[in-house]
Amino acid sequence: MKEANYVTNMHWQRKPVGGQDENNIQLLEPHNTKGPGPNQLSQDSSVPTDQVYSVVPQAPHAQQLPAKNFPQVPAEQYNYDYQQNLQMIGNFQNVRQTISRPPLSGNPLQKVNSAGVQSASLAGYPGSYSRMPLSSPSSFTPLSVDSVQPRPSMPPQSKWQFGPPQQSHPVSQPLAGMQVNHAVPTEGIGQGNLPSVPISTTYGMACPNPAIGNQYGNVAGRPTTQNYANQGLVHPPVSQPSHQMYQPGRTPLRPPPSGGPPLIRPAQPLLNTNHDAPLAQNISRDTEGFNSGSSGDQSEAPDNYDTLEGGGKIMQPLLQDFKTRGPLGHSYPSLPPGYQNLAAPGNQLPDPAGSQFSQAPHFNQLMAGMGGLNLQQNHQAEGIRPLNLLQDRNILPSTPVKAPHPNLHKDLQKLNCNPDVFRCTLTNIPQTQSLLSKAKLPLGLQLHPFRDLSQLPVVTSSTIVRCRSCRTYINPFVNFLDQRRWKCNLCYRVNDVPEEFMYNPVTRSYGEPHKRPEVQSATIEFIAPSEYMLRPPQPAVYLYIMDVSHNAIESGYLNTICQSLLDNLDTLPGDSRTRIGFITFDSTIHFYNLQEGLSQPQMMVVSDIEDVFIPTPDNLLVNLNESKELIQDLLRNLPQMFINTLETQSALGPALQAAYKLMSPTGGRASVFQTQLPSLGVGALKSREDPNQRSNVKDVQHLSPAIDFYKKLALDCSGQQIAVDLFMLNGQYSDLASLACISKFSAGCIYCYPSYHHKHNLLQVEKFQKDLKRYLTRKIGFEAVMRIRCTKGLAIHTFHGNFFVRSTDLLSLPNINPDAGFAVQMSIEENLVDVQLVSFQAALLYTSSKGERRIRVHTMCLPVVSSLADVYAGADVQSAICLLASMAVDRSISSSLSDARDALVNAVIDSFATYRTAVLSQQQQQQPGVIAPFSLRLFPLYVLALLKQKAFRTGTSTRLDDRVFSMCEVKYQPVSYLILMIHPNLYRIDNLSDEGSININDKTIPQPPILQLSVEKLNRDGAFLMDAGSAFFLWIGKNCCSLFLNQVLGASSYASIPQNMTQLPELETAESERTRAFLSWLRDQRPFYPVLQVIKDETPLKTSFLQNMVEDRTESALSYYEFLLHVQQQVNK
């Protein structure tokens, strides 16, 4: 076959049935496009069905492990021929060639189990699988799994119930849909029995660098090790702590629970509630590796990922001696040479009575030292100090609002988790659910688990110490009863300290487990041993799927992405196994053969979009290092290949199906770039937006997806460890409400650049360039799962974010990135009367881009209070408003936008009304005005700001895609980023000085005060900078002083300021250096790059600037003062 100068264009189409072409050449080795083959274990009659993925059969098999591989399929299996037309790009002759193609199902999303029966598709799990409580469970009509949920018919409800749906059953029984004690839901398991199921499979010997290639199955002939859970009865009773608690250097944290030992109960599976689509109860694996729901009375197959992270099952460390990686962080040997032959430490160390450990105070002494947790016993706390918001108008702090500190002992506060990573809406946890309900405040967690950290302890150890009951990782808030025992701070079980844990590699001492890094840091990362792997760690795999229709080429985005990839190829996260591939599409799908050894890339066109297949699966995802020259050649020429295209159609759905089939054997990250509404093939959409309804005051339609194709495909992608990231560069309506599902349910992320054009919208071009650089080079975790645990008595009932809910408390995250945030709603399932401290722990198990299996653990400790005043004193208003925003997004989709807006307003009214009647004295209650506790003084302001954002505003012209994207950001952004989007910070910067400045790296950073978001604070003589999170707005007044114009902007006069100015010139003046230093300091506080927009008084961009002035009145929204009057009227009713 003659090769073209640049790209060979192969056109693939179906050959007529029965037709034979004597000139065609039959290929003898067709490629398998079906991904992983059947698991032969499930076909072995000697293997129990409930142990398919962990039991090794008598003889070795090619697929004896639940790993993704590339099986060789015999040529005679294929029975369809396809005709291949090779059309050269230049003046070359056509060459014809026929290859065999594997049979594909008419519906590639259908799955067939081992019995040949088609399995039901998985139910779609939204980012929050439990919607906000509705007025009546009977108001919904049960839907089928595959149906699109319509808008429910129900009476409007304007108040939230901050807890699970109320049902009448005894307190001793857990509520439906709530996680209790974090045991894995298992059929047929009683309270006192644990199942005997395989826990993990060891893939031979662990090695620092997994072999390059596609060998995910076990090497033939290499032994594998299985680890089984020990079968037993109820856990042994919890020992009563001695009066001299063993906790050197730090005091014990909690008293023993009253009564007998705590009972560990298996979690009740989520019932089919009316809050959203039902959750599949029994997740198993069929012969092709897809998730499918099982039915009938069959025993539940163990969930592999649930088993890996350890959802309540007892897991013993493997006895096999693994070959460990090189030291990374703290490397912990089994025992130092001098201690290997020592007797039990109890016989070696001196008597505790005469040692320093006897000086550790009892828990009651610690409580006395803390001054008690009941704030009413002391002077009135600052958090509940009443403020009259109608009189105290200047309540906005002049410095950024910081997260409140829990009312803990100073030693515990130092050990607590960073609030930028883990924070709670209430830093004082109510003792009972009734107390929480009375406070009318949401109880939830805000989590930023993969955040970029400057300091992160990394531990390498063959033994990771965890509680044998609830599987909590050892942390700074456990109790050491003596040298050999520690008590879990979540379930209170007493556990033994492993021998290896007695040695501290930092101090090189023995017998001091309390000084280990695991017990000294609330955030820590473990290098996981092989029992935390279902397969060898996958390589970093990146697939880029790009729209090349006429509309896309006209926008010019292809040049930007290709150039950005060229600039950052060497900085893509990964190792020597990193693989990369490219797919382009318009009305057809284009693949690119980048196999090592070719002199030029080859382009293959598949026009059969109704039944997509992969032409050469082995050559489309190639090793980055081996094929780098071909990749660079393709990226340099790709923008010019379609420059004259007249194709206007978009087959996005078939392109995504092709990407799914291509990446299924390995998993990875798929990056989709789309510029218009999909119009061809499966997943085609029609415009649903009525431009005349953009400023509708009453309600907004079409916030939910039009079809469920993208949700179903996302669930399949999640099952194969594929995350799909969506970049929308649309100039017109593209139904983001439907398209966003492909990222929401596969743990991907969504970017939107409305009206993108390389010439007409330079601001969006710059933002796209900066975002793309961050996206390509930021760290990434693959095949991740995350579980959140909490102290016995607390329960999780709703999650928010982009993920797939694998079980009641386990989130499946095919990809995890450092910009992703999550929120959790909680309730109090059992009274915390005998508890004074509660703990929360989030564990993220992931594969790094270097091929290491790691576990990042965050632990937070908070006090328990019994009075309503204490609850209000510990309210975290920023965390609460971000959680309410996520709840409001769900309410907007499940009910209506007006319902969500009313619920936000009522959250302020109800909490202030309760504070007034239940906390304030009779004299204070008689005072007129809006009386609020100091901790919630910004609550009305934040709610009003939220009502005026794109996601929730009415009466202002807002494009439907812009509104939906804003809702996606609300659900996905961490608190520190989202709060700036809700309520930006405003500074005056034309008069910066060194007064009150800070010094960072020998640079002086001015600190101007934060101003209220009102035009009253603007002055035509000044320049004002608004920090809106993802963008900076610099508004220049008409009469701004010439000194600032000249020495900062480089302009001789106001009229000479450029219209599209997006950068400040680097001038050698003190004013310029001071201003640029302040901007750089603000940018350094976030990982993404906010673009700068210089706005003159008469430019159209002024509208965007003024829309963020949330304290001012608009045609359709109240001012802040009017909103307070409304709150006052409702509270006094």
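pLDDT is the predictor's confidence in each residue, on a scale from 0 to 100. This is a predicted model. Its chain averages a pLDDT of 73. Of the residues, 66% score at least 70.

Two stretches call for care. Where pLDDT is low, the predicted coordinates should not be read in detail.

Now turn to helix H13, residues 762–777. Its 16 residues reach 23 Å from first C-alpha to last. That is close to the 22 Å expected at 1.5 Å a residue. Which residues of H13 are buried? They are Leu763, Gln764, Val765, Glu766, Lys767, Phe768, Asp771, Leu772, Arg774, Tyr775 and Leu776. These buried residues pack against helix H7 (557–568) and against strands S22 (541–547), S27 (668–674), S28 (722–728), S29 (750–752) and S43 (1091–1096).

Next, find Gln841 in strand S35, which covers residues 837–848. Is Gln841 buried or exposed? Its relative accessibility is 0%, so Gln841 counts as buried. What does its side chain meet? The side chain of Gln841 makes a polar contact with the side chain of Thr859, at 3.1 Å. Setting aside neighbours within four places in sequence, Gln841 also touches other parts of the chain. Its contacts include Phe422, Thr472, Tyr473 and Asn475.

Terms used
Residues are numbered from 1 along each chain as its sequence is written. This is a predicted model: local features need pLDDT of at least 70, side-chain atom pairs count only at pLDDT 80 or more; totals for chains, interfaces and linings use all residues. Side-chain values use heavy atoms; hydrogens and water are left out. Helices (H or I, at least four residues) and strands (E, at least two) are DSSP runs, numbered from the N terminus. The expected span of a helix is 1.5 Å times one less than its number of residues. Buried means under 20% relative accessible area, exposed over 50%, partly exposed in between (1.4 Å probe, protein chains only). Contact means heavy atoms within 4.5 Å. A polar contact is a pair of N or O atoms within 3.5 Å; within protein, one must be able to donate a hydrogen and the other to accept it, and residues adjacent in sequence count only if both atoms are side-chain atoms.
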